[in-house]
Amino acid sequence: MVDTTDSVKGIITVLGGGTMGRGIVHVALASGFQVRLSDISEEAVANAVAGVHKTLGRAVERGKLSEDECQSCHSNLQTSVDAAEAASGADLVIEAIPESIDLKCALYARIAPVLGAQTILATNTSALPVTQLAEASGVAERFVGMHFFNPPFALKLLELIRTEHSSEDTLSRARVFAAQLGRQLVEVRDSPGFATSRLGITLANEAMRMVEQEVASASDIDTALRFGYGHPMGPLELTDLVGLDVRLAITRHLYAELGTDTFQPPRILEDLVSQGRLGRKSGHGFYHWVDGKKVETAS
Ligand code: NAD
């Protein structure tokens with residue numbers, strides 16, 4: 001790896017350059033950090049870098065970054081296919097690889113020997129138990145969940161998830177990183193669904209049961225939440241965007257972990273998923289979608 005040049009705020013390493021990793025890289029670069037990005041192959045790294053350059057370019061078009069700042073972002077980004085090399089000497093390592101305990105634990109075992117004594121290791125997991133990941137990491141007192149939202153450059157929320165092992169020093173330094181990254185922070189004790197999924201799924205499941213019971217159409221339920229409560233988007237349209245299969249997996253997980261009826265998967269959700277109606281990505285969920293745009297109510 002090429003040596004880092006003048007470090008402004010410190011070094012953030014992002015492991016995994018997929019949907020979330022590249023968005024986190026964008027945010028860290030635009031916030032003035034030296035950033036190291038690692039993925040499993042040169043091709044995956046090149047795709048991720050191209051993705052980051054594209055979104056940084058859009059930020060320039062929208063006046064959010066100057067040309068000079070964008071150039072600094074480019075030169076502050078380094079890459080490696082070797083996760084340990086990328087993590088060595090970093091102040092903060094954010095893991096954003098696929099949602100698998102086995103994959104994540106195998107990666108932590110590879111990087112643990114090179115982490116500095118002060119390095120914070122964070123996982124971007126959406127739903128895995130952070131405590132279990134912390135215990136497998138070898139650095140439990142310096143391990144936290146940092147749950148970013150998609151896309152991170154547009155959605156500023158960061159859920160900071162602490163476990164019983166997280167030290168006070170780790171938490172206070174994680175709060176500083178969150179502020180430097182321009183995040184709106186909420187702090188959550190490790191528990192299934194954290195704050196966001198638990199509340200979001202509660203609302204969506206009840207909205208689906210109301211469609212099942214023909215209380216109102218999907219469109220009218222969404223409109224009620226938008227205009228009556230100021231939500232930017234109704235829970236059923238949001239379910240279409242996230243993917244009905246993804247939401248079904250989350251509610252099954254929460255039902256298994258928390259056991260409350262709220263999370264029992266709604267019948268309509270099971271039915272639509274088994275019919276292949278997965279939302280925007282399949283063109284049909286609670287709404288019809290063409291070229292990624294909602295065209296009409298489908299239920
Ligand atoms: P993704 O599949 O888009 O990207 C994962 C990336 O990790 C891929 O580029 C893959 O090649 C790479 N990877 C796999 N193994 C690796 C390894 N050992 N070392 C380095 N890179 C490796 O996944 P994603 O949607 O970005 O999700 C990543 C994490 O973020 C998951 O834990 C997910 O639950 C969480 N998350 C996702 C979203 C979302 O909306 N997609 C939102 C919040 C949190």
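Mentor: By class, the shell around the ligand holds 6 nonpolar, 10 polar and 3 charged residues. This is a predicted model, in which local features need pLDDT of at least 70, side-chain atom pairs count only at pLDDT 80 or more, and totals for chains, interfaces and linings use all residues. Residues are numbered from 1 along each chain as its sequence is written, and side-chain values use heavy atoms, with hydrogens and water left out.

Trainee: What makes a residue polar or charged in that count?

Mentor: Asp, Glu, Lys and Arg count as charged; Ala, Val, Leu, Ile, Met, Phe, Trp, Tyr, Cys and Pro as nonpolar; the others, Gly among them, as polar.

Trainee: Which residues come nearest to the ligand?

Mentor: M20, D39, E99, K104 and S126, out of the 19 residues around the ligand. A residue is near if one of its heavy atoms lies within 4 Å of the molecule.

Trainee: Why is the pair of F33 and F177 called tilted?

Mentor: Rings of Phe, Tyr and Trp (its six-membered ring) pair if their centres lie within 6.5 Å; planes under 30 degrees apart count as stacked, over 60 as edge-to-face and the rest as tilted. The centres of F33 and F177 are 6.1 Å apart and the planes are at 40 degrees, so the pair is tilted. F33 is in the loop between α1 and β2 (34–38), and F177 is in helix α7 (residues 168–180), 144 residues apart. Helices (H or I, at least four residues) and strands (E, at least two) are DSSP runs, numbered from the N terminus.

Trainee: Why is the pair of Y108 and F143 called edge-to-face?

Mentor: The centres are 5.4 Å apart and the planes of Y108 and F143 are at 70 degrees, so this pair is edge-to-face. Y108 belongs to helix α5 (residues 101–111) and F143 to strand β6.

Trainee: How do you know that Y108 counts as buried?

Mentor: Buried means under 20% relative accessible area, exposed over 50%, partly exposed in between (1.4 Å probe, protein chains only). Y108 is at 0%, so Y108 counts as buried.

Trainee: Why is F153 called partly exposed?

Mentor: F153 has a relative accessible area of 31%, so F153 is partly exposed. F153 sits in the loop between β6 and β7 (157–162). P151 lies in that loop too, and a cis peptide bond joins N150 and P151, with omega about 0 degrees.

Trainee: What makes K294 a charge over a ring?

Mentor: NZ of Lys or CZ of Arg must be within 6 Å of the ring centre and within 35 degrees of the ring normal. The charged end of K294 sits over the ring of Y287, 4.6 Å from its centre.

Trainee: Why is D291 called exposed?

Mentor: D291 is at 75% relative accessibility, so D291 counts as exposed. D291 also has a positive phi of about 50 degrees although it is not a glycine.
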